[in-house]
Amino acid sequence: MWGRVFPWVVFNIFVVVMLALDLGILHRRAHIIRMKEALLLSLFWISLAVVFCLGISIWQGQTKALEFLTGYIIEESLSVDNLFVFLLIFTYFRVPAEYRHKVLYWGILGAILMRLIFILTGVALIHLFHWVIYIFGVFLIFTGYRMAWQKDVEIHPEKNPVLKFFRRFFSVTENYVGGKFFVKKEGRLCATPLLIVLLMVESTDVVFAIDSIPAILAITHDPFLVYTSNIFAILGLRSIYFALAGLMQLFDYLHYGLSAILIFVGVKMLISDFYKIPIGIALGVVAGMLLLSILTSLLFAGQKGKPIVSREDLPESEGKHTESKIFSLPEVQGPPHNPGQGE
């Protein structure tokens, strides 16, 4: 029993320590994360995932290591697509650039708990009711098809059920109050717009998890590998956001690659009882689809009518024009800002 629990305990202690170092040392003071810092942090988190993969190879063998690596690539790829939505949320609510890391940091804590619940539930369902894999497979194929043909994502805070429920019990200040989520106003506890943004990020992560968890369950049913690959992808999500925030409009064809990946893993899950696609081949297909969509996006950048990002859209300058803007939640009912056009 202890032999099964021990890896979970050690890994979660590692995650807690890394998050504490992140908030307590690296980002004690709110600041705008520059491109160089974001790239170094991204390289750091990716390196940790690679080292962990090597550890899995030594501990459990090459097959398990490849399962982790394939799952990690899938989760990281889907996470990159999710960054488009985060960028829309931050732009819509005019979040000052120096506070965006804090929102993503606390969003990660909620995401870790939600992913753990989703993963354990999904694995348990597959073990108890094997036919569930066919439902997951069909769902992934449908999601992939929908992703390929979906139109531009829009943000509608007034329709978010989480925000509707929250605003029944809390008043919300009109402006941001530093990096605080709550403040006392006239003797009453009030939420700030920054907490509203955090709730938006958390609620959208639930939707992301519904897509991503079945995708990795198509690769492995080992809950520890599913969990660790998810967490490593989430931990690196913040730094990747700041590294790619000003370049996301260039990835016009990324969603086609992600769509193909979801359809592939859905088919893999559907035929798993009849033919198991070797994990090495699955890894090659996933990596190949992702690379092809990225290269195609870079090759044909700006040819779909979307504007190429300007210097004003880069993370270094985001904070210069957002802090002076006034935010009032009841007034945020209009169409979302286009992150590629500035504000």
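**Strand pairing, helices and surface of the predicted model**

Serine 171 has cysteine 190 of strand β3 as its bridge partner. The model is a predicted one. The contact belongs to a parallel pairing, in which β1 (residues 171-172) and β3 (residues 188-191) are joined over two bridges. Strand β3 also pairs with β2 (residues 182-185), here in the antiparallel sense and over four bridges. Within that pairing, phenylalanine 182 stands opposite alanine 191 of β3. A hairpin is formed by β2 and β3, with two residues between the strands. Glutamate 186 lies in the turn and has a positive phi of about 55 degrees.

A positive phi is also found at arginine 94, at about 50 degrees, although this residue is not a glycine. Most residues other than glycine have a negative phi. Arginine 94 sits in the loop between α3 (62-92) and α4 (100-128). Its relative accessibility is 23%, so arginine 94 counts as partly exposed. The cut-off for buried is under 20%, and exposed means over 50%.

The protein chain as a whole comprises twelve helices and three strands. Of its 343 residues, 51% are buried. Contacts between residues at least 6 apart in sequence were also examined; 82% of them join residues at least 24 apart. The chain exposes about 16900 Å², and carbon and sulfur atoms supply 68% of this area.

Helix α10 (residues 254-270) has 17 residues. From first C-alpha to last, α10 reaches 25 Å, close to the 24 Å expected at 1.5 Å a residue. Twelve of the 17 residues are buried, so α10 is largely enclosed by the rest of the structure. The buried set holds Leu254, Leu258, Ile261, Leu262, Phe264, Val265 and Met269. It also includes His255, Ser259 and Lys268, together with Gly257 and Gly266.

On the surface, a nonpolar patch is formed by Val5, Val9, Ile13, Val17 and Leu21. Together these residues have about 350 Å² of accessible area. Valine 5 lies in helix α1 (residues 2-26). An α-helix has 3.6 residues a turn, so residues three or four places apart point the same way. Valine 5 counts as partly exposed because its relative accessibility is 31%.

Notes. Residues are numbered from 1 along each chain as its sequence is written. This is a predicted model: local features need pLDDT of at least 70, side-chain atom pairs count only at pLDDT 80 or more; totals for chains, interfaces and linings use all residues. Side-chain values use heavy atoms; hydrogens and water are left out. Two strands pair if DSSP finds at least two bridges between them. Patches are made of residues with over 30% relative accessible area and no salt bridge: like charges are joined within 9 Å, nonpolar side chains (Val, Leu, Ile, Met, Phe, Trp, Tyr) within 5 Å. Accessible areas come from the Shrake-Rupley method with a 1.4 Å probe; for residues, only the protein chains shown count as cover. A salt bridge is a side-chain nitrogen of Lys or Arg within 4 Å of a carboxyl oxygen of Asp or Glu. Buried means under 20% relative accessible area, exposed over 50%, partly exposed in between (1.4 Å probe, protein chains only). The expected span of a helix is 1.5 Å times one less than its number of residues. Contact means heavy atoms within 4.5 Å.
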